[in-house]
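Student: I have a chain loaded and want to go through it by question and answer. Can we keep it brisk?

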Amino acid sequence: MSEEPQLPPIPDIGIDAITRKKRFYEKINTVVKCGNCHENYTREFKKGDYTFKKLSGESCPKCNEGQSLMITEIFSEWIDPKKEKKKK
Ligand SMILES: [Zn+2]
């Protein structure tokens, strides 16, 4: 009934984001590549992790070699606490 431009649906997106943040929590993962067996594996993000960092004091879960581990990727995912509890 007016000629005002339509506002983008910001309120909807905002509410969705708030609900999601209340229920879910963000989990940060680190992808590590083993230079020994060329296996990629994901483990929980640890403080000080950054992409292309060479890891020491850790070992590959597949070959137990810890000499050539390097972080290739860091990503985050939203975890549903309810689902997490069901796993255990
Ligand atoms: Zn390995």
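Predicted model: local features only at pLDDT ≥ 70, side-chain atom pairs only at ≥ 80, totals over all residues.

Student: Is asparagine 64 buried or exposed?
Tutor: The cut-off for exposed is over 50% relative accessible area. Asparagine 64 has 60% relative accessibility, so this residue counts as exposed.

Student: What is the phi of asparagine 64?
Tutor: Most residues other than glycine have a negative phi. Asparagine 64 is not a glycine, yet its phi is positive, at about 65°.

Student: Where is phenylalanine 52 found, and what is its phi?
Tutor: Phenylalanine 52 is found in the loop between strand E2 (40–44) and E3. This residue is exposed, with a relative accessible area of 59%. Phenylalanine 52 is not a glycine either, but has a positive phi of about 70°.

Student: Which residues are the protein donors of the zinc ion?
Tutor: A donor must be an N, O or S atom within 2.8 Å of the metal. The SG atoms here lie 2.3 Å from the zinc ion. They belong to Cys34, Cys37, Cys60 and Cys63.

Student: What spacing do the donors of the zinc ion follow along the chain?
Tutor: Cysteine 34 is in strand E1 (residues 25–34), and cysteine 60 is in the loop between strand E3 (54–55) and strand E4 (69–79). That pair links distant parts of the chain, 26 residues apart. The spacing of the donors is C-x2-C-x22-C-x2-C.

Student: What is the geometry of the site of the zinc ion?
Tutor: Four donors count as tetrahedral if all angles lie between 85 and 135 degrees. The angles among the four donor atoms are 107 to 112°. The site is therefore tetrahedral.

Student: Are cysteine 34 and cysteine 60 buried or exposed?
Tutor: Buried means under 20% relative accessible area. Cysteine 34 has 0% relative accessibility, and cysteine 60 has 0% too. Cysteine 34 therefore counts as buried, and cysteine 60 also counts as buried.

Student: How many residues apart in sequence are valine 31 and threonine 42, and how many Å apart in space?
Tutor: The place of valine 31 is in strand E1. Valine 31 is buried, because its relative accessibility is 10%. Its contacts beyond four places in sequence include Thr42, Ile71 and Phe75. Valine 31 and threonine 42 are 11 residues apart in sequence and, C-alpha to C-alpha, 4.4 Å apart in space.

Student: Which residues make the nonpolar surface patch of about 260 Å²?
Tutor: Patch residues need over 30% relative accessible area. Isoleucine 74, in strand E4, has 31% relative accessibility, so this residue counts as partly exposed. The patch is made by Ile28, Tyr50 and Ile74.

Student: What pattern does the chain follow along the sequence?
Tutor: The secondary structure comes to two helices and four strands. Read along the sequence, the pattern is α-β-β-β-β-α.

Student: What percentage of the contacts between residues at least 6 apart join residues at least 24 apart?
Tutor: Buried residues make up 18% of the 88 residues. The chain exposes about 7400 Å², with 54% of that supplied by carbon and sulfur atoms. For the contacts you ask about, the share is 51%.

How values were computed
Residues numbered from 1 in each chain as written. Heavy atoms only, no water. Donors = N, O, S within 2.8 Å, 3.2 Å for Na, K, Ca; no water. Tetrahedral: all angles 85-135°; square planar, octahedral: opposite > 155°, others 65-115°. Buried < 20%, exposed > 50% of the residue type's maximum accessible area, 1.4 Å probe, protein only. Contact = heavy atoms within 4.5 Å. Areas by Shrake-Rupley, 256 points an atom, 1.4 Å probe, with all protein chains shown as cover. Patch = residues over 30% accessible without salt bridge, like charges linked within 9 Å, V, L, I, M, F, W, Y side chains within 5 Å. Salt bridge = Lys/Arg side-chain N within 4 Å of Asp/Glu carboxyl O.
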